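Me: I would like to go through this model with you and ask, for each label, what stands behind it.

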Amino acid sequence: MLVDASEVVKARLRQRAGDCARSAFRHAEELLRLAARFCAIDVDVISYKGPVLAQLAYANIALRDSADLDLLIDPASLPDATSILGECGDTQAHELPPAPP
């Protein structure tokens, strides 16, 4: 029995596109949850790349795959931000320098 390779490729692409979309929506949901937590304690945060870039560049967050959320936070707010992230079960990817006094 011969299998049409193009149908196999199409099925894999559909699966991958669905996986990317689900991941993007999970990241967007997490970003909104974190933004609400930061807002509640008056910590300003800027999200870049990930769902924000996808929305700006493609008008559709499902069209850009990302592995994490990238946030910019005022160094003076790092202790509060680190606490919120820890409470939410998130971890920082890189060691950060101490916040200025």
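Me: Where is Ala59 found?

Reply: This is a predicted model, in which local features need pLDDT of at least 70, side-chain atom pairs count only at pLDDT 80 or more, and totals for chains, interfaces and linings use all residues. Residues are numbered from 1 along each chain as its sequence is written, and side-chain values use heavy atoms, with hydrogens and water left out. Ala59 sits in the loop between helix H2 (50-58) and S2; helices (H or I, at least four residues) and strands (E, at least two) are DSSP runs, numbered from the N terminus.

Me: Why is Ala59 called exposed?

Reply: Buried means under 20% relative accessible area, exposed over 50%, and partly exposed in between (1.4 Å probe, protein chains only). Ala59 has a relative accessible area of 58%, and therefore counts as exposed. Its phi is near 60°, a positive value in a residue other than glycine. Most residues other than glycine have a negative phi.

Me: What makes Asp42 exposed, and where is its place?

Reply: The relative accessible area of Asp42 is 68%, so this residue is exposed. Asp42 lies in the loop between H1 and strand S1 (45-48), and its phi, near 55°, is a positive value in a residue other than glycine.

Me: Why is Asp70 called buried, and what does Asp70 touch?

Reply: Because its relative accessible area is 17%, Asp70 is buried. Asp70 belongs to strand S2 (residues 70-73) and, not counting residues up to four places away in sequence, touches Ile46, Ser47, Tyr48 and Lys49, where contact means heavy atoms within 4.5 Å.

Me: How do you know that Ser47 is buried?

Reply: Ser47, whose place is in strand S1, has a relative accessible area of 19%, and so counts as buried. Leaving aside neighbours within four places in sequence, Ser47 is in contact with Leu31, Val52, Asp70 and Leu71.

Me: Why is H1 called oblique to H3?

Reply: The axes of helix H1 (residues 5-40) and helix H3 (residues 78-87) come within 10 Å and cross at roughly 135°, the axes being lines fitted to C-alpha atoms, for helices over the stretch in contact, with angles running from 0 to 180 degrees between N-to-C directions. Angles under 35 degrees count as roughly parallel, over 145 as roughly antiparallel, 65 to 115 as roughly perpendicular and the rest as oblique, so H1 is oblique to H3.

Me: Which residues make the contact?

Reply: Leu34, Arg37 and Phe38 of H1 meet Ala81, Ile84, Leu85 and Glu87 of H3. These residues divide into 5 nonpolar, no polar and 2 charged, where Ala, Val, Leu, Ile, Met, Phe, Trp, Tyr, Cys and Pro count as nonpolar, Asp, Glu, Lys and Arg as charged, and the others, Gly among them, as polar.
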